Amino acid sequence: RPPNTSPQKRITKAATIIRMLRRKSGASLEELGKATGWQNHSLRGFLSGTLKKRMGLEVQAEKNARGIRRYRIPTTTEV
């Protein structure tokens with residue numbers, strides 16, 4: 001069997017979260033938890049500690065009509 005010639009890029013849980021938060025609709029803690037296997041307190045710590053404080057990203061949070069809080073990272077083209 002020939003060796004794999006195309007190296008696979010490892011997708012980290014952090015990259016998964018950032019990708020989900022950059023969607024227009026953002027993501028809820030439930031969605032982030034399903035994608036990563038992390039508990040809510042770990043996700044909130046990652047959002048505030050790693051993304052906001054360490055990486056300097058703006059993380060917005062707002063509740064929708066059903067009372068579910070959704071988090072998102074606005075794109076640079078948004079005002």
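**Reading a helix and its neighbours**

Reply: Let us begin with one side chain of this predicted model. Trp38 has a relative accessible area of 27%, so Trp38 is partly exposed.

Me: With which ring does Trp38 form an aromatic pair, and of what kind is the pair?

Reply: The structure holds one aromatic pair. The ring centres of Trp38 and Phe46 lie 5.5 Å apart and the planes meet at 65°; planes over 60 degrees apart count as edge-to-face, so this pair is edge-to-face. Phe46, with a relative accessible area of 10%, is buried.

Me: Which residues of helix α2 are buried?

Reply: In α2, which spans residues 29-36, the buried residues are Leu29, Leu32, Gly33 and Thr36. They lie on the same side of α2 because they cover an arc of only 100° around the axis. The face turned away from that side carries the exposed residues Glu30 and Lys34. After α2 comes Gly37, whose phi is positive, near 85°.

Me: Against which elements do the buried residues of α2 pack?

Reply: Their partners are α1 (13-21), β1 (27-28), α3 (40-54) and β3 (69-72).

Me: How is the packing of two helices described?

Reply: One gives the angle between the axes and the distance between the axes. Here α2 and α3 pack at about 100°, with their axes 10 Å apart. The two helices are therefore roughly perpendicular to each other. Leu29, Leu32, Gly33 and Thr36 of α2 make the contact with Asn40, Leu43, Arg44 and Leu47 of α3. These residues divide into four nonpolar, three polar and one charged.

Conventions:
Residues numbered from 1 in each chain as written. Predicted model: local features only at pLDDT ≥ 70, side-chain atom pairs only at ≥ 80, totals over all residues. Heavy atoms only, no water. Buried < 20%, exposed > 50% of the residue type's maximum accessible area, 1.4 Å probe, protein only. Helix = DSSP H or I, 4+ residues; strand = E, 2+ residues; numbered from the N terminus. Arc of directions from axis to C-beta. Contact = heavy atoms within 4.5 Å. Phe/Tyr/Trp six-rings, centres within 6.5 Å; stacked < 30°, edge-to-face > 60°. Axes fitted to C-alpha atoms, helices over the stretch in contact; angles between N-to-C directions. Parallel < 35°, antiparallel > 145°, perpendicular 65-115°, else oblique. Nonpolar A, V, L, I, M, F, W, Y, C, P; charged D, E, K, R; others polar.
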